[in-house]
Amino acid sequence: DGRIFQVEYATKAVENSGTVIGMRCADGVVLCVEKVSFAKMLVKGSNRRVATLDAGAGLVTAGLSADGRQLVNRAREECSEYKDVYGIAMPPQVLAQRLGEYVHYFTIHGALRPFGTSILLAGYDESTKSCELYAIEPSGLTLRYFGVALGKGRQSAKSDIEKLDLTTLTCKDALKEMAKMIYTVYDESKDKPFTLEMAWLTKDTGYNFHLVPSSIVDEAEEWAKKQLADDDDDDDDDDDDEPAAAAPGEDVEMKTS
């Protein structure tokens, strides 16, 4: 029926990974990763899923970390070689296209297997003076987005992204919304602990790709937790206001003024 099972298995690895979200906002692009902590003794900051490719380009990965590192190395080589040949930074569109072709190559040869990872690529195009956001899937499919989500919480995050006005939303406000999206689908009793990794490419950073300072990440997490707590309190109040249901066979007394 036309299905390529190896590509489907690779896609499944992405779907089971931590949630990854990207948004192109009014003043830049922001990326957020739910990095699951597999061991309590893991050194903080290790096994990062955020990588800088060039001054104005970076990416985050969802899926198998080792596969993601190979794509990061390939992307850095592409950026370096392009700058050596043409003397300018590689446009995001060209970088995304070349990475997509490289990923697709691994799906059409029997001696190779598809990459079990997807990429969200953020870049600044100096010729158009605009920021761009791309997603590259294990099949090699490359698409440009205003907002996109990958991983286990992708459906809920996509629904929340569609409710936002990304043409007016600032990157700092988007960080808070992203943190809320990830904490919304997180179940402390079932899911493993995680840390948030955030990166941005904004006017404030000179359109250079940088990790978001930890103080701003902490602020976004605190805001998200407070918003979710307030929402739970509102739901409890609504439940208390509802009249109790009458037991079978009992008459409900109606009072009139």
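Let's start with strand β6. Six of its seven residues are buried, so β6 is largely enclosed by the rest of the structure. Buried means under 20% relative accessible area, exposed means over 50%, and partly exposed lies in between, with a 1.4 Å probe and protein chains only. Strands here are DSSP runs of E, at least two residues long, and helices are runs of H or I, at least four residues long, numbered from the N terminus.

Two words on the source. This is a predicted model, where local features need pLDDT of at least 70 and side-chain atom pairs count only at pLDDT 80 or more, while totals for chains, interfaces and linings use all residues. Residues are numbered from 1 along each chain as its sequence is written, and side-chain values use heavy atoms, with hydrogens and water left out.

Now the whole chain. There are six helices and ten strands. The C-alpha trace spans about 85 × 45 × 40 Å along its principal axes. Of the 257 residues, 41% count as buried. Take contacts, meaning heavy atoms within 4.5 Å, between residues at least 6 apart in sequence. Of these, 67% join residues at least 24 apart.

Next, the sheet. In which order do its five strands stand? The order is β3-β4-β5-β6-β7, the sheet is open, and the pairing is antiparallel. Two strands pair if DSSP finds at least two bridges between them. At the edges are β3 (50-54) and β7 (142-144), each pairing on one side only. On average, neighbouring strands are turned by 25° against each other, direction ignored. Such axes are lines fitted to C-alpha atoms, for helices over the stretch in contact, and angles between N-to-C directions run from 0 to 180 degrees.

What packs on this sheet? Helix α3, residues 92-105, does, and it touches β3, β4, β5, β6 (130-136) and β7. The direction of α3 makes about 10° with that of β6.

Let's walk across the strands. In general, strands of a sheet pair through backbone hydrogen bonds, either parallel or antiparallel. Strands β4 (residues 57-63) and β5 (residues 117-125) run antiparallel, joined by seven bridges. Here L59 stands opposite L121 of β5. Seven bridges also join β5 to β6, again antiparallel. In that pair, I119 faces I136 of β6 as its opposite residue. The hairpin of β5 and β6 has four residues between the strands, and K129 takes a positive phi near 55° there.

Then comes β7. Strands β6 and β7 pair in the antiparallel sense over three bridges. I136 turns up again: its bridge partner in β7 is T142. This hairpin has five residues between the strands, with G140 at a positive phi near 100°.

On to charges. Side chains of opposite charge can pair when their charged atoms come close. How many salt bridges does the structure hold? It holds 13. The cut-off is a side-chain nitrogen of Lys or Arg within 4 Å of a carboxyl oxygen of Asp or Glu.

One of them joins R48 and E197, at 3.5 Å from N to O. R48 sits in the loop between β2 (28-36) and β3, while E197 sits in strand β9 (residues 194-202), 149 residues apart. R48 is partly exposed at 45% relative accessible area. E197 is buried at 4%.

Another joins D67 and R113, at 2.9 Å from N to O. D67 is in helix α2 (residues 65-86), and R113 is in the loop between α3 and β5, 46 residues away. D67 is buried at 9%, whereas R113 is partly exposed at 44%.

A further one joins E78 and R98, with the closest N and O atoms 3.2 Å apart. E78 lies in helix α2 and R98 in helix α3, so the pair ties together parts 20 residues apart in sequence. E78 is buried at 9%, and R98 is partly exposed at 31%. There is also a network: salt bridges that share partners join K35, R48 and E197.

Last, cysteines. A disulfide is a pair of cysteine sulfur atoms within 2.5 Å, and the structure holds zero. For C131, the nearest cysteine sulfur is that of C171, 7.5 Å away. C131 is buried, at 8%. For C171, the nearest is that of C25, at 4.5 Å. C171 is buried too, at 2%.
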